[in-house]
Amino acid sequence: MRYDFATVEPKWRDYWAKKKVYETDLRQTENRHYVLVMFSYPSGAKLHCGHWYNYGPADTFARYKSLTGANVFEPMGFDAFGLPAENNAIKTGVHPRENTLANMKDIREQLREMGCMYDWNAELATCEPEYYKWNQWLFQQLFKKGLAYRKNAPVNWCGSCNTVLANEQVLDDGSCERCGETVEQKALTQWFFKITHYAEELLAGLETIDWPERTKTMQRNWIGKSVGAEIEFDVVGSDEKIRVFTTRPDTLFGVTYVVLAPEHPLVDELTTDDRREAVERYREQTRRLTEIERTSTTKEKTGAPIGAEAINPVNGERVPIWIADYALLTYGTGCVMAVPAHDERDFEFAKKFDLEIRKVILQPKTDAEDELEAAYVDPGTMVNSGEFDGIPNDEGKLKIVEWLEKKGKAEKKINYRLRDWLLSRQRYWGTPIPVVHCPTCGEVLVPEKELPVELPSDVEFKPSGESPLARAEEFMNVACPKCGGAARRDPDTMDTFVDSSWYYLRYLDPRNPDAPFDKKLADAWTPVDTYVGGAEHAVMHLLYSRFVHKFLRDLGWVSSDEPFARLVHQGTITNQGAKMSKSKGNVVNPNEFIDKVGSDVFRMYLMFMGPYEDGGDWSDKGITGVERFAQRAYDLFTKHKGVAAAAPAKERYDVADLSDAETSAYRKVNRTIVKVADDLEKFRFNTAIAALMELQNELAKTLDDARDEIKTSALERFAVILAPFAPHLAEECWETLGKTPSLFEKPVWFPPNEDAAAEDAFELPVQINGKLRASLPAPIGIPKEKALEMAKNDERVMKFLEGKTIVKEIYVPNKIVNLVVK
């Protein structure tokens, strides 16, 4: 009989919905497991194969945990604010809200057809006032603690998107991650969250979570901890001081010039009149560069002297002050002490501008007089360093700082590469910032009882370089909450990463009008046990969520230190070598395949393509093989329809009591249970499905010669381990056997019979004097005498024993034989 997926799949989806199978009782916290996949983005298109690759396998894992007895919570919602949705609305002329809600409806239906076990009672959408009210509340709590602030700063500006971008949203080539246009630097007054307040804790917390090492390394590098000192340089003829952060105080005697960031305020104060025009030309040139371009190691070194001099605190020497684009106002102090002999960047700069290169760290087995061909950056002995000559430079670092501390010219310091989170966006479709600007009172928070500040709908949202809200006079003009005078709202909206920084908590209590979430539920259900999503979020969403979680913990809202205990990354499904996107015209529509083979087969095929973390290039060539497997599995069950009702199976069988065919089937079933469970825990879906295919082939060969109760035992277990991968098909097979209630209505997972699952043979390596000479098939548990006899009688071994005396015989049971001869 042909497997009629078009009838079976809706049948079981309706059944699950009617029975409320996937509604999680969050009050039951024993053996709970919170499985979360990064929520969908309804930006203007339906789900494509890449989305399926994210959601389907993650749901397979959730279903497995449910079958094993865990109380699984698997919610889904919509990351509904943001640039893509707004850009699509600009393109189509349809309001972002109307467009977004329509897309949400389509995606919701697609997710239902996928057969995912989402608890739709927990659904949320970040564009709804009931959600973003709490974004505004979060902003206000950070503001009250001094962790939300506004300042004028150089920012990344995308002229195409007409908005500011965080550093994390600028690609390595200096382009916008959204549109690909070159990003410029612009000085604007913007809101920031002080994520740097948690820099050290964000680093330390990485040691406590089960995340891919690659992602943890990316976060460590992004946070970029540097241990060093801040050194004070006087300025000739001025009361101004230049403070530089350095991790190499041992090289201070080698400083031959000092560099200021072009935008540093001291540049205006210290530039001499004869240098001002050239300095201003260079500053203008620098404004056109992004931070990434300025710090590129391959970029040609540029700069300009400002005409002033600094005084080196270790030797009193005067050194020229330059500006150069590689010095950043946002890193350290915005000032750099340049040591060309021992820094590659400074060396290139000094060579280009003919500045002195003075060696102060001597490379072993070289002379102090030898000319440097390149900067020497490794350990050595201090030279040309006054009283510190002859000291190993690692030792000299501390000695010089302590010496300068006594003179009031240095202090030990830890610096971080991490920048505060730039929050402001000059776009419409986002959360309004809950601040009023009053000419008398300054920045005033909107009273909490007046939240949410709702996004007005009647706004011209096409970008013009300023926030669209700034042109909405009715929205902007308000009375100051403090003095009652005329004031204006903040015109910007929040970065949408605020929306996703805490959404996992809102899922637990999505309709609460009085609090962001229920604290007791948050304590019981977080951290999220298993979080699945893309590695591209390593230094954005995943870092921001950790920061917000720690802040909420400090407020007493959560008791855990981290939001996500375990993180799993899915690979990317490409098409013709490129990431799927509507603009590239390479999106593969899953509906075409679901209409032909059903959602279970499509889900299994995606998982069967290769390792989950690798992804791969799309091809539908193998989908017929997976379809064939599903049909053969269904045939196997229909062939033995009602067998479970007619011949119930025992919980366990002794292999000694089974026939050869029964033994083969029973062993294969139990080994497959072990294999599938292990693979599912490790998200190795492709090898688990391969094991299921092998099992199906084995049962097709052996079950006809087995007793009915053994057929029942084998097929019950086959249906259960198939269920995470093909839930509709497995439910139908379970029912076909005569089993009730449904698998997911009353979950079951059969533990393996370890004796039956144990392998009965292995490859026994044979070594002679530690060198492998043969590998022999041997039964598990083979006695030492038999193992040695088999090894010595093998032709490959015998030729190495001729004319030799065996002086020692070593046998490690079920592992190895080693013969020592002379």
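Trainee: Start with Glu-698. Leaving aside neighbours within four places in sequence, which residues is Glu-698 in contact with?
Mentor: Ser-664, Ala-665 and Lys-668. Contact means heavy atoms within 4.5 Å.

Trainee: And where is the place of Glu-698?
Mentor: In helix H22, residues 685-702. Helices (H or I, at least four residues) and strands (E, at least two) are DSSP runs, numbered from the N terminus.

Trainee: Is Glu-698 buried or exposed?
Mentor: Buried, with a relative accessible area of 17%. Buried means under 20% relative accessible area, exposed over 50%, and partly exposed in between, using a 1.4 Å probe and protein chains only.

Trainee: What should I know about the model itself?
Mentor: It is predicted, so local features need pLDDT of at least 70 and side-chain atom pairs count only at pLDDT 80 or more, while totals for chains, interfaces and linings use all residues. Residues are numbered from 1 along each chain as its sequence is written, and side-chain values use heavy atoms, with hydrogens and water left out.

Trainee: Salt bridges next. How many does a search of the whole structure find?
Mentor: 67. A salt bridge is a side-chain nitrogen of Lys or Arg within 4 Å of a carboxyl oxygen of Asp or Glu.

Trainee: Give me one. What does Glu-200 form a salt bridge with?
Mentor: Lys-225, with the closest N and O atoms 3.0 Å apart. Glu-200 lies in helix H6 (residues 199-205) and Lys-225 in strand S6 (residues 225-235), so the pair ties together parts 25 residues apart in sequence.

Trainee: What about Lys-739 and Glu-716?
Mentor: Their side chains also form a salt bridge, at 3.0 Å, N to O. Lys-739 is in the loop between helix H24 (727-736) and helix H25 (754-757), and Glu-716 in helix H23 (residues 708-722), so parts 23 residues apart in sequence are tied together. Lys-739 is partly exposed at 23%, whereas Glu-716 is buried at 6%.

Trainee: Which residues do salt bridges that share partners join into one network?
Mentor: Glu-230, Glu-232, Asp-234, Lys-241, Arg-243, Lys-409, Glu-411 and Lys-413.

Trainee: Switching to rings. How many aromatic pairs does the structure hold?
Mentor: 51. Rings of Phe, Tyr and Trp (its six-membered ring) pair if their centres lie within 6.5 Å; planes under 30 degrees apart count as stacked, over 60 as edge-to-face and the rest as tilted.

Trainee: So why is the Trp-137 and Trp-557 pair edge-to-face?
Mentor: Because their planes are at 80°; the ring centres are 5.3 Å apart. The pair links distant parts of the chain, 420 residues apart: Trp-137 is in helix H5 (residues 129-144), and Trp-557 in the loop between helix H16 (541-555) and strand S23 (567-569). Trp-137 is buried at 6%, but Trp-557 is partly exposed at 22%.

Trainee: Last one. What is the order of the open sheet of 4 strands?
Mentor: S2-S1-S22-S23, with parallel pairing. The edge strands, S2 (71-73) and S23, each pair on one side only. Two strands pair if DSSP finds at least two bridges between them.

Trainee: How many bridges join S22 to S23?
Mentor: 3, and S22 covers residues 530-533. In one of the bridges, Val-532 has Val-568 in S23 as its partner.
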